[in-house]
Amino acid sequence: MSDSSGEFEALKEHAAEAAEIMRVLGNANRLQLLCQIAQGERSVGELEEQLDIRQPALSQQLAELRKAGLVQTRRESRSILYSLGDGRARLLLEMLLVTFGVKTAAAPDAGREAGPSRPAARQVGDAARFARLGK
């Protein structure tokens with residue numbers, strides 16, 4: 001039995017919320033929007049230009065991200081600017097970067113290198129274990 005079995009058992013309490021976040025991230029346009037917004041605050045016009053997603057599809061996707069709490073908005077003059085919402089969005093994007101080999105996981109004992117006693121797959125598991133989907 002794994003030392004993390006209790007953590008996975010505790011995740012049951014958050015299964016519905018986790019499934020909803022995964023549903024939101026399961027759309028390529030929304031995921032691309034999050035990646036752009038993670039690089040810095042963006043206006044709707046900038047997002048439309050950078051991703052070639054036209055209105056009203058862009059507004060619909062941004063509304064889904066806002067509803068899930070993954071992005072937040074602020075008004076500046078006549079523009080609405082989008083930024084990442086609570087810390088979950090950045091953490092989820094970081095975990096995707098690790099999953100696809102773009103970035104190395106930063107586990108609490110990140111000073112230890114991957115190797116025979118610490119394979120890279122275990123590092124990804126360690127990073128995932130620290131993700132808390134609850135608000």
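A salt bridge is a side-chain nitrogen of Lys or Arg within 4 Å of a carboxyl oxygen of Asp or Glu. A search of the whole structure finds ten of them. Side chains of opposite charge can pair when their charged atoms come close.

This is a predicted model: local features need pLDDT of at least 70, side-chain atom pairs count only at pLDDT 80 or more, and totals for chains, interfaces and linings use all residues. Residues are numbered from 1 along each chain as its sequence is written, and side-chain values use heavy atoms, with hydrogens and water left out.

**View 1. Confidence along the chain.** pLDDT is the predictor's confidence in each residue, from 0 to 100. The chain has a mean pLDDT of 81, and 76% of its residues reach 70 or more. Over residues 108-135 the pLDDT is below 50. Beyond near neighbours in sequence, this stretch has 40 contacts in the model, a contact being heavy atoms within 4.5 Å. Where pLDDT is low, the predicted coordinates should not be read in detail.

**View 2. E17 pairs with R88.** The closest N and O atoms of this salt bridge are 2.8 Å apart. The pair links distant parts of the chain: E17 sits in helix α2 (residues 15-25) and R88 in helix α6, 71 residues apart. Helices (H or I, at least four residues) and strands (E, at least two) are DSSP runs, numbered from the N terminus. E17 is partly exposed, with a relative accessible area of 26%. R88 counts as buried, at 5% relative accessibility. Here, buried means under 20% relative accessible area, exposed means over 50%, and partly exposed lies in between (1.4 Å probe, protein chains only). D86 joins in too: E17, D86 and R88 are linked in a network of salt bridges.

View 3. R23 forms a salt bridge with E20, and their closest N and O atoms are 2.7 Å apart. Both residues lie in helix α2, three residues apart, about one turn of the helix. An α-helix has 3.6 residues a turn, so residues three or four places apart point the same way. R23 also forms a salt bridge with E64, the closest N and O atoms being 2.8 Å apart. This second pair links distant parts of the chain, with E64 in helix α5 (residues 57-67) and R23 in helix α2, 41 residues apart. R23 is partly exposed at 39% relative accessibility. E20 is partly exposed at 34%, and E64 is partly exposed at 22%.

**View 4. Helix α3 and its two ends.** Which residues of helix α3 (residues 28-38) are buried? They are R30, L33, L34, Q36, I37 and A38. N27 caps the N-terminal end of α3: a side-chain oxygen lies 2.9 Å from the backbone nitrogen of N29. Such a polar contact is a pair of N or O atoms within 3.5 Å; within protein, one must be able to donate a hydrogen and the other to accept it, and residues adjacent in sequence count only if both atoms are side-chain atoms. Just after α3, G40 takes a positive phi of about 150 degrees.

**View 5. S79 in strand β3.** S79 belongs to strand β3 (residues 79-84). S79 is partly exposed, with a relative accessible area of 34%. S79 and R42 are 37 residues apart in sequence, yet 9.8 Å apart in space, C-alpha to C-alpha.
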